[in-house]
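Here is a friendly walk through one protein chain, with the cut-offs spelled out as we go. Please keep the viewer open while you read.

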Amino acid sequence: QYAGEGRNQVQMNTNALDWQPRNDTGVWQKPLYRQGSYKEWTQLLKLDAGAQSPPHDHPNGEEIFVIEGEIEDEHGIYPAGAWVRSPPGSGHTVKSPKGAILYVRFGGIEA
């Protein structure tokens, strides 16, 4: 998934990590991987029922895999098992009426 020499191998039990508040809109995070000057980074996100992110852009793209629950944005509705790739320069507002857990990769996506 990550090209480049010198990448660290990382292993963790995500069940042992505490959810950290990402903002005050009912969105929580568990950072997974980020290294130096590389553009991409990953984390788990949890959206409480009724949570909505502020509108935001992804200058380097984004990929979302819906692990649990369901999310929606201006482009569609994505249930558990859905994978969404947003190209560089795209943007959206994500909401989850019933709550969701996501694996998210930010950046490093070619147009």
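Val-10 sits in the segment before β1 (20-21); strands here are DSSP runs of E with at least two residues, and helices are runs of H or I with at least four, numbered from the N terminus. This is a predicted model, in which local features need pLDDT of at least 70 and side-chain atom pairs count only at pLDDT 80 or more, while totals for chains, interfaces and linings use all residues. Residues are numbered from 1 along each chain as its sequence is written, and side-chain values use heavy atoms, leaving out hydrogens and water.

With a relative accessible area of 42%, Val-10 is partly exposed (buried means under 20%, exposed over 50%, partly exposed in between, with a 1.4 Å probe and protein chains only). Together, Val-10, Met-12 and Leu-17 make a nonpolar surface patch of about 220 Å². Patches take residues with over 30% relative accessible area and no salt bridge, joining nonpolar side chains (Val, Leu, Ile, Met, Phe, Trp, Tyr) within 5 Å and like charges within 9 Å. The areas come from the Shrake-Rupley method with a 1.4 Å probe, and for residues only the protein chains shown count as cover.

## Confidence

The pLDDT (the predictor's confidence in each residue, from 0 to 100) averages 88 over the chain, and 95% of the residues score at least 70.

## The nonpolar core

A nonpolar core is a set of buried Ala, Val, Leu, Ile, Met, Phe, Trp, Tyr and Cys residues joined through side-chain atoms within 4.5 Å. The largest one has 16 residues, of which Leu-45, Leu-47, Ile-64, Val-66, Ile-71 and Leu-102 touch the most other members. Two or more residues each come from β3 (41-47), β6 (62-73) and β11 (100-106), and β11 gives the most, with 4 residues.

Leaving aside residues up to four places away in sequence, the contacts of Leu-45 include Trp-19, Val-27, Trp-28, Leu-102 and Phe-106 (contact means heavy atoms within 4.5 Å).

## Two salt bridges

Side chains of opposite charge can pair when their charged atoms come close. The structure holds 2 salt bridges, each a side-chain nitrogen of Lys or Arg within 4 Å of a carboxyl oxygen of Asp or Glu. In one, Glu-63 and Arg-105 meet at 3.3 Å, N to O. Glu-63 belongs to strand β6 and Arg-105 to strand β11, 42 residues apart. Glu-63 is buried at 16% relative accessible area, and Arg-105 also counts as buried, at 10%.

In the other, the closest N and O atoms of Lys-95 and Glu-72 are 3.8 Å apart. Lys-95 lies in strand β10 (residues 95-96) and Glu-72 in strand β6, so this pair ties together parts that are 23 residues apart in sequence. Lys-95 counts as partly exposed, at 35% relative accessibility.
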